[in-house]
Amino acid sequence: MTAADLLGAALLSALVLYALLGGADFGGGIWDLLASGPRKAEQRALVERAIGPIWEANHVWLILVVVVLFTAFPPAFAAICIELFLPLVLLLVGIVLRGASFTFRAYVGSGDRAQARWGLVFSASSVLAPIVLGVVVGALASGRLGAAAHGAATLAWLAPFPLAVGLFAAALFAYLAAAYLAVEAEGALREDFRRRAIGAGAAVFACAALAGALSWREAPLVFAGLTRRSWSLALHVATAAAALTAFAALFRGRVRAGRAAAALQVALIVVGWGASQYPYLVVPDVTLASASAPRAVQVALLWALAAGGAVLFPMLAVLFRVFKGERAFSVVDRSR
Amino acid sequence: MSDLLAARWLFGISLAFHIVFAAVGVAMPLFMVLAEWRWRRTGSAAHLELAKRWAKGTAILFAVGAVSGTVISFELGLLWPRFMAFAGSVIGMPFSLEGFAFFAEAIFLGIYLYGWERASPRLHLASGAVVAVSGAASAFFVTLANAWMNAPAGFRVEGGAPADVRPFAAMFPPGWSHEVVHVLLSCYAATGFAVAGIHASFLLRDRANAFHRAALRIALGVGGAAALLQPVSGDFSARQVAAVQPIKLAALEGQFETERGAPLRIGGLPDPERMETRWALEIPYGLSLLAFHDPGAEVKGLRAFPREAWPNTRHVHLAFQVMVGLGSLLAAVAAAGAALRLLRREPPRWYLRAVALAGPAGFLALEAGWLVTEWGRQPFTVHGILRTADSVTPVGGLALPFAGFTALYVLLGAVTAVVLRRQIARAAPGGGP
């Protein structure tokens, strides 16, 4: 384990947390867009209540990813920013519009036409951002940002595989959000989100199959990583087990168990992507080692992350304790 | 428009926009927590109302600041990838620590805004205090990175890349202390006067309103103190800039010749072709005295440096005059306010009118000061080491994202103003409009 490997692991962990927390907030926006049925307004109100106090904190994981990337692996950050210029700009537009419109909607005053307009901007940008984020991930893994592209922005990301990963990301975030919201809702509203979680879970499965099939031709390294490494089988088994547990729990109305299994499933998917592309930051020619900052910097950064983490996690625990109740992370469904 | 110019404009617009929200994010939490603290100690209803209203304003401004700050962190790479490839490892430490400070801000602001009923009184007040402290810490760390760009330290250049990097030496480059102090004070002064200006204009219509009186006391108390300290910090800055970045001092003072007993120029227009600053009011020995505390000290002029290392002296000098002029105005208003308070006099109409008029001056001075330090570092991103022209991205067609983001910022700025206006219009308990 080199310092670069440890920092790669830190980056991946931050991305897992961003997916589980920030991703679910985008998923909430997707359900705002898809709100329907007799409880349309209640669904939207629940989304707003659920993400209001926490979305800004959850968003910081992405900032941390960016900062660790440019501190520990500066040439990789530069290469990614040049070659994925356009999707990253679109991601920024999505992030800015989502955050700003969510806040404007909350404070512009109720019952207003302006409020409905900002709600639409909020939900539309909550769809845009995960898709573009997935496209960025897909493009990094595809190996198409290769030598030919160096030193120039390309349209290599505009291909079936990255786009499939974009849809996959949106489906995953919607799935997570529905699984979380099912726990936070009561009664009929819980039923709404429980059914939505099952539906989104099916969409996740379809998107995974599509992206997996496309990766065979379009992202050979990831495909090989997903199929032929020593740990591939164990990872797939674990992911499948989490997915099946989540489905079974959601079907039986055990929403807390369903939430935990869904979160585990998503975490394993992100870890699986990272592990299959190891040691590459940008496939096929930027690796953790080749892009490493001087060792003194990496070691100092590891210490800073350790110290920061020691303060951060207790703070996050307080946040979730205040807003998500005494049993914020519990997996046990008490009989009611 | 060349891509380099488009990149500079886009980054400049992004920062000019973000810096307002960032400064508010530093100071506003302090105001709201002071109001809440006062309510908890005295039970004054006006202060509770004030804390809640200010918290709403902070929520709106912080959200826009958080997303516009995200744009900047990506734009560092999108617009200046060669700068980041070179400098990312060296200035990463303050940015990483800033990330954790931002976490603390976001977490406890969430608790503060949504936790009036859910959190215990102590946790609630403490959350506000953590937001105020971590907001200042964020500004502290980010300014350290800027100080490094002005006076790079903590590494050697070897084959065009940094070597022998000492992250903690790079984190505290020469001149860091003046920049940090000056920036933090500017956040409190600018926000304090902007907030005080709004409440003063309400008080002009309704002199006895307890809510606005409480607001004015807190905002002017903090903002006025910062505005009074700022000239002292400015003097400290001038001396450090004279020692660390003599070319910047020469540019911002319009000093072309190296001379002993250099005069201080107020106003005037530097003419780089004729190498003189015309139409300035010159105070003999003033510059030597201010920069070195010695009337006979030698001040280096721009001619002592190669022409291709000069910043645009006109821009730098004018922005500097604007900053100093507005800062002096704020200090004068703050001094008058302090005198009135010492005499235990009610703020008279003329004073309220002065505060209302001075409202925008703090943010204008802050923007001008930011321009001074950025323009004054040109044509370099890393002073003396990496030129701006060599930092820019090879991606072409940057005029398009420039136009797009400018439109986005105009929209966000306008909507933020409208939403805040509605909040303020509602926030006039006890006889507002």
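**View 1. Chain A as a whole.** Chain A has 336 residues and a radius of gyration of 20 Å, which agrees with the value near 20 Å for a compact globule of that length (the radius is taken over C-alpha atoms, and the globule rule is 2.2 Å times the number of residues to the power 0.38). Along the principal axes, the C-alpha atoms of chain A fill a box of roughly 55 × 45 × 40 Å. What you're looking at is a predicted model, where local features need pLDDT of at least 70, side-chain atom pairs count only at pLDDT 80 or more, and totals for chains, interfaces and linings use all residues. Residues are numbered from 1 along each chain as its sequence is written, while chains are lettered from A and ligands numbered from 1 in the order in which they are written.

**View 2. Helices and strands of chain A.** Count them up and you get twelve helices and two strands (DSSP runs numbered from the N terminus: helices are H or I, at least four residues, and strands are E, at least two). Along the sequence, the pattern goes α-α-α-α-α-α-α-α-α-α-α-β-β-α.

**View 3. Inside chain A.** Buried residues make up 56% of the 336 in chain A (buried means 20 or more other C-beta atoms within 10 Å of the residue's own, with C-beta atoms placed from the backbone).

**View 4. Where chain A meets chain B.** Here 51 residues from chain A and 54 residues from chain B take part in the contact (two residues are in contact if their C-beta atoms, placed from the backbone, lie within 7 Å). On chain A's side, H3 (55-72), H4 (74-83), H5 (85-107) and H12 (295-324) each supply at least two residues. H12(A) gives the most, with 13 residues.

Key. A residue is buried if 20 or more other C-beta atoms lie within 10 Å of its own, exposed if 12 or fewer, and partly exposed in between; C-beta atoms are placed from the backbone.
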